[in-house]
Amino acid sequence: MIKRCFDFVFALIGLVFLSPFFVIIIILIKFDSPGPVLFIQKRVGKNNIDFNIYKFRTMRVISDNKGLLTIGNHDSRITKAGYILRRYKIDEFPQLINIIKGDMSFVGPRPELRHYVNYYNEDDMKIFQVRPGITGLASLKYRNEVELLKNADDPEKFFIETIIPDKLKYNKEYIKKRNFFLDLKLIGLTIIQVITK
């Protein structure tokens, strides 16, 4: 209950506080490339139920047709504005709407595409006991995931066989240890990581 109240109140404050900044971002996106401002995609959330996740669009339209994974920070599909938004995690800000709606939390396992959830085993499904988050233990460890994929001989295979199992290990650890103070710590570490980057 405390976690949900914290999420709702601070997500609402964040949206109000950042709204003038959002106007600038929207203008940059629209001037940089044609297409919608928001990127909306189906992800798997709590109780293994799909929901629409919101992000500022950082790629050219119909980039999904060229693969589900982003390979390196200089993936040719990423726009100029998108590169900056991704570097500082600004593209994630619209997920404050997901938090207010109750789809997500500030802290929890990152929501994955159904295509990759289909590779989970029965024990892995326990991560759906909680709401997915903007940040978490696995997110902090794999902050440079796109660069790891860039250096892999077969990015899709590497993601499925190496990154997904390791992320799940960290997500299960979070579920075992989760408490309000751990969430505050992970939020703090995320902010520090973004600032220092």
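A residue counts as partly exposed here when its relative accessible area lies between the under-20% range called buried and the over-50% range called exposed. Keep that in mind as we walk through this structure, which is a predicted model.

Phe180 sits at 29% relative accessibility, so it lands in the partly exposed class. Phe181, at 64%, is exposed. How do their rings meet? A ring pair is described by how far apart the centres are and by the angle between the planes. The model has nine aromatic pairs. In the one formed by Phe180 and Phe181, the ring centres are 6.1 Å apart and the planes stand at 65°, which makes the pair edge-to-face. These two also belong to a cluster: ring pairs link them with Phe6, Phe10 and Phe106.

Phe6 is one of the buried residues of α1, along with Asp7, Ala11, Gly14, Leu15, Leu18, Phe22, Ile25 and Ile29. What do they pack against? Their partners are β2, α2, α3 (95-101), β3 (105-107) and α8 (180-196). The helix isn't straight, either: α1 bends by about 55° at Ser19, and there's a proline, Pro20, following within four residues.

Now hop to α2, residues 80-87. Its buried residues are Ala81, Gly82 and Leu85. Looking down the helix axis, they fall within an arc of 95°, so they line one face of α2. Past the end of the helix comes Lys89, with a positive phi near 60°.

Thr79 lies in the loop that joins β2 (50-56) to α2. Is Thr79 buried or exposed? Its relative accessibility is 5%, and since the cut-off for buried is under 20%, Thr79 counts as buried. What does its side chain reach? The Thr79 side chain comes to 2.9 Å from the backbone nitrogen of Gly82, and Gly82 is itself one of the buried residues of α2. Leaving aside residues up to four places away in sequence, Thr79 touches Asp32, Ser33, Arg57, Thr58, Met59 and Arg60.

How values were computed. Residues numbered from 1 in each chain as written. Predicted model: local features only at pLDDT ≥ 70, side-chain atom pairs only at ≥ 80, totals over all residues. Heavy atoms only, no water. Helix = DSSP H or I, 4+ residues; strand = E, 2+ residues; numbered from the N terminus. Buried < 20%, exposed > 50% of the residue type's maximum accessible area, 1.4 Å probe, protein only. Polar contact = N/O pair within 3.5 Å; in protein donor to acceptor, adjacent residues only side chain to side chain. Contact = heavy atoms within 4.5 Å. Phe/Tyr/Trp six-rings, centres within 6.5 Å; stacked < 30°, edge-to-face > 60°. Arc of directions from axis to C-beta. Bend = angle between axes of the 7 residues up to and from the residue.
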